[in-house]
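Please open the model in your viewer and keep the sequence panel beside it. The tour moves from one selection to the next and says what is to be found at each stop.

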Amino acid sequence: MARLGCLLMAGGWVRSAARAVALCVLHALILGAAPTALASEVAELSASVDEYSLGRHLQFLEDPSGALTLQDLLSGRFDQGFAPNRRDSPNFGFTDSSYWFRIDLLNRETIASEWLLELQYPLLDYVDVHLIYAGPDKRVVSYRGGDRLPFSQRQVKHHNMVFKVPMKAGEAVSLLMRVRTDSSMQVPLTLWRPHALLERDQKEHLVQGAYYGILIAMLLFNLMIYLSIRDINYLFYVGYLASILLFQSTLNGLAFEYLWPDNPWWGNVSTPFSIGLVYTAIMQFSREFLQLRKNLPRMDKVFKVFLWLFVMVMLVSFALNYTVAIKMATFLTMIATVLLFFTGSLCLKNGVLHAKYFMLAWTVLLVFVFVYTLKTFGILPHVFITEYGLQIGAALETILLSYALAHRLRLLRLENESIQRGITETLERRVRERTSELDQALNNLADANRKLTELSHIDGLTGVGNRAYFNQVLCNEWRRSLRAGEPVSLLLLDIDHFKKVNDTYGHLAGDMCLKQVANAIRAVLQRPADGVFRLGGEEFIVLLPGTDPQGAFHVAERIRQEIARVEVRFEGHIIAVTVSIGVNSVVADSASEEESLIHDADLAMYEAKNKGRNCTCLFKSSQATSLTPSDPIGP
């Protein structure tokens with residue numbers, strides 16, 4: 001008999017029969033009191049597999065009232081109500097029902113192992129996981145999760161919901177999970193070995209890091225451009241990028257993990273709010289970028305209406321429940337995206353050249369927005385391209401919109417050059433056609449233009465050189481220093497507490513202060529080559545060609561003392577004025593640029609501010625140094 005038993009066990013049909021018997025025993029152990037109930041599908045866990053996608057192995061039960069409890073399901077009375085799931089990821093769209101999911105797990109390994117159950121949709125409100133272990137005592141282990149609970153209460157600190165599933169060798173467990181949410185009912189479930197989940201997270205973090213890195217880099221780059229050229233289009237674009245960052249980090253759970261882990265209420269509100277914020281920014285950006293007030297006045301009015309609708313979405317996200325707010329936001333988003341695409345098409349048709357890159361950007365985003373929206377409503381499956389559709393589309397769109405802004409500036413430059421060429425050609429043609437009388441008129445016009453050029457170099461308020469003229473003069477002096485090896489010095493002056501003067505006495509008093517400070521500076525300068533310029537606001541620059549650091553410092557001190565003696569009389573008040581001065585002196589070389597001269601003088605000026613104002617600091621050896629006229633100054 002022993003030999004016969006060995007031969008039978010060696011046969012393939014015996015192994016198959018033994019496996020079938022084991023599964024039947026597993027079902028009997030798990031279901032216990034309900035031997036006639038519908039058995040759930042068994043997922044056999046082996047040592048050779050690190051990841052199990054549970055979607056198509058799940059069975060689900062809809063609970064419209066939300067009243068069913070774990071004990072109700074363990075009684076077996078509702079087993080016949082479970083239906084098999086036919087999708088890789090269960091997706092029931094927006095629903096008021098609760099859903100129960102179940103699956104049986106069998107550990108085929110010869111040693112104990114721990115698995116991690118990951119729910120890859122972080123916007124679900126309430127998730128209850130119950131593990132019913134086979135055996136006489138039917139031990140039950142329960143966990144709670146969801147974005148309505150503080151992040152600190154999660155069993156595993158992860159931006160997705162992750163639960164531990166420990167199993168002994170050969171042990172069977174029945175998994176029951178209840179989900180209730182105001183968001184879309186999406187339940188993508190995966191069972192992982194811990195090391196496999198860690199490896200997946202590392203790859204995901206690389207992708208997320210690249211995505212957020214692109215957005216942050218684009219945000220900072222365009223912010224710098226805005227601060228440089230003050231084009232309002234760049235400011236609106238920066239606002240759009242910031243709102244996209246908020247929305248995407250909310251959508252994938254990173255914001256709940258890192259920004260507001262102890263505020264589930266705001267975590268629930270932030271999704272529809274951030275959608276409204278994104279489209280408020282992009283609608284305003286599009287109005288300015290496409291110049292709708294000039295190119296399409298009627299469409300501009302439609303955009304204004306949608307702006308207010310998205311502002312209303314942000315307000316509704318606080319006042320109404322999540323389902324109403326997110327449906328409203330999603331619906332308006334679909335319409336607004338089509339509207340943006342249609343408007344870009346009209347502008348392109350009407351000859352707005354920079355609209356073609358705008359159209360390309362929105363075509364890309366439009367495709368991915370529809371993909372993600374269809375996934376949200378349960379029409380498309382939960383796969384990589386649908387789950388990360390908004391991120392992929394948004395990254396490509398931000399890059400293309402940034403290029404569109406650059407292309408728009410190029411077109412404006414070419415348009416200006418074209419206008420200039422047209423004016424030049426017209427003048428030349430008139431010169432050829434006119435008589436000597438017209439030649440005389442043109443000579444008079446040339447004189448007028450020369451005077452106008454001189455006036456364009458002057459600041460209208462103070463009468464000193466303006467910033468544009470300063471840039472021109474500095475460039476010339478820097479080249480001269482580079483050729484001759486002579487030093488060039490620069491004083492950067494800032495009127496102390498100037499804002500307080502404006503706030504206390506008014507801007508007319510501030511203008512008088514600026515004029516008298518400019519006069520005081522000019523009174524000190526003796527050489528024709530020395531120049532004073534207004535940098536902007538309450539800042540002045542003094543350029544001293546051929547002046548070494550000691551000479552520049554003493555000139556700065558004379559200016560500071562002269563200004564300190566100024567008394568501005570305004571409407572019976574006497575306003576004392578002082579300045580903080582930063583001094584920098586260098587000999588130009590091929591390894592440096594003139595901007596460094598201004599930058600280092602600016603550092604010295606701020607050092608003077610920090611030392612109490614009404615003083616002069618010399619930039620030396622990469623730091624600002626405060627001196628007095630008697631201090632020796634080294635080479």
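**Before you select anything**

This is a predicted model, in which local features need pLDDT of at least 70 and side-chain atom pairs count only at pLDDT 80 or more, while totals for chains, interfaces and linings use all residues. Residues are numbered from 1 along each chain as its sequence is written, and side-chain values use heavy atoms, with hydrogens and water left out.

**The whole chain**

Of the 635 residues in the protein, 49% are buried, where buried means under 20% relative accessible area, exposed over 50%, and partly exposed in between, with a 1.4 Å probe and protein chains only. Contact means heavy atoms within 4.5 Å, and among contacts between residues at least 6 apart in sequence, 73% join residues at least 24 apart.

**The nonpolar cores**

Select Leu105 and Met283, which have the most contacts inside the largest nonpolar core, a set of 90 residues. Such a core is a set of buried Ala, Val, Leu, Ile, Met, Phe, Trp, Tyr and Cys residues joined through side-chain atoms within 4.5 Å. Helix H5 (residues 232-251) gives the most to this core, with 9 residues. A second, separate core has 34 residues, and Leu491, Ile563, Ile575 and Val579 are among them.

Now return to leucine 105 and show what surrounds it: not counting residues up to four places away in sequence, leucine 105 touches Ala43, Leu45, Val165, Met167, Glu171, Ala172, Val173, Leu175 and Leu191.

**Aromatic rings**

Show the Phe, Tyr and Trp side chains next, since the structure holds 21 aromatic pairs; rings (for Trp, the six-membered one) pair if their centres lie within 6.5 Å, and planes under 30 degrees apart count as stacked, over 60 as edge-to-face and the rest as tilted. In one of these pairs, phenylalanine 92 and phenylalanine 101 have ring centres 6.2 Å apart and planes at 40°, so the pair is tilted. Phenylalanine 92 counts as partly exposed at 23% relative accessibility, whereas phenylalanine 101, at 0%, counts as buried. Then select Trp260, Trp265, Trp266, Phe273 and Phe318, which form one aromatic cluster.

Two arginines deserve a stop here. Arginine 102 lies over the face of phenylalanine 82, at 4.3 Å from the ring centre, and the charged end of arginine 139 sits over the ring of tyrosine 133, 4.1 Å from its centre. A charge sits over a ring if NZ of Lys or CZ of Arg is within 6 Å of the ring centre and within 35 degrees of the ring normal.

**Strand E7 and its partners**

Select strand E7 (residues 126-133), which is mostly covered, with 7 of its 8 residues buried. Two strands pair if DSSP finds at least two bridges between them. E7 is joined to strand E10 (residues 172-180) by 8 bridges, the two running antiparallel, and histidine 130 stands opposite leucine 176 in E10. E7 also pairs with strand E8 (residues 140-145) in the antiparallel sense over 6 bridges, and there leucine 131 has valine 141 as its bridge partner.

Move to isoleucine 495, which lies in strand E12 (residues 487-495) and is buried, with a relative accessible area of 3%. Which residues is isoleucine 495 in contact with, leaving aside its neighbours within four places in sequence? They are Leu514, Val517, Glu538, Phe540, Val577, Thr578, Val579 and Lys609. The C-alpha atoms of isoleucine 495 and serine 580 are separated by 6.5 Å, although the two residues are 85 residues apart along the chain.

Next, select strand E18 (residues 616-620), where 4 of the 5 residues are buried, so the strand is largely enclosed by the rest of the structure. Strand E17 (residues 579-587) runs parallel to E18 and is joined to it by 3 bridges, with isoleucine 581 opposite threonine 616 in E18.

**Two loop residues**

Finish with glutamine 291, found in the loop between helix H7 (264-289) and helix H8 (292-295), and with arginine 613, found in the loop between H19 and E18. Most residues other than glycine have a negative phi. Phi of glutamine 291, however, is near 50°, a positive value, and phi of arginine 613 is near 70°, also a positive value. Glutamine 291 is partly exposed, with a relative accessible area of 30%, and arginine 613 is partly exposed at 33%.
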